[in-house]
Amino acid sequence: RWSEVAESATDVELVVAAIEHVHRTAPLDEHRGAEAALGAVLVFLPGWDSIAKVMDACRDRMPPSETLILPLHASLDTR
């Protein structure tokens, strides 16, 4: 299936590097101080396995005090 091929071809390191770059270069919020960056990143990935891998890698490489990672997938319970 195409979805299985797309998911196995996801370059997690490349995706995380792109997210890190955006995070490091984001403009700062002048009203909230130097710790607060403005903006958000929306990443589309081919399936839950890719989402979980990218999410875990981002949590390992970026401070939780500076990021909020929210997964979204059709299989997640909305309650």
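The model is predicted. The protein has three helices and zero strands. Along the sequence, the pattern reads α-α-α.

**Whole protein**

- The protein has 79 residues, and 25% of them are buried.
- Its accessible surface comes to about 6,300 Å².
- Carbon and sulfur atoms hold 57% of that surface.
- Consider the contacts in the protein with a separation of 6 or more: 59% of them join residues 24 or more positions apart.

**Helix H2: length**

- Helix H2 covers residues 12-25, which is 14 residues.
- At 1.5 Å a residue, H2 should span 20 Å.

- Five names make up the buried set of H2: Val12, Val15, Val16, Ile19 and Glu20.
- These residues lie on the same side of H2, because they cover an arc of only 135 degrees around the axis.
- Leu14 and Arg24 are exposed on the other side of H2.

**Helix H2: its partner**

- Which helix do the buried residues of H2 pack against?
- They pack against helix H3, residues 48-61.

Terms used
Residues numbered from 1 in each chain as written. Predicted model: local features only at pLDDT ≥ 70, side-chain atom pairs only at ≥ 80, totals over all residues. Heavy atoms only, no water. Helix = DSSP H or I, 4+ residues; strand = E, 2+ residues; numbered from the N terminus. Expected span 1.5 Å × (residues − 1). Buried < 20%, exposed > 50% of the residue type's maximum accessible area, 1.4 Å probe, protein only. Arc of directions from axis to C-beta. Contact = heavy atoms within 4.5 Å. Areas by Shrake-Rupley, 256 points an atom, 1.4 Å probe, with all protein chains shown as cover.
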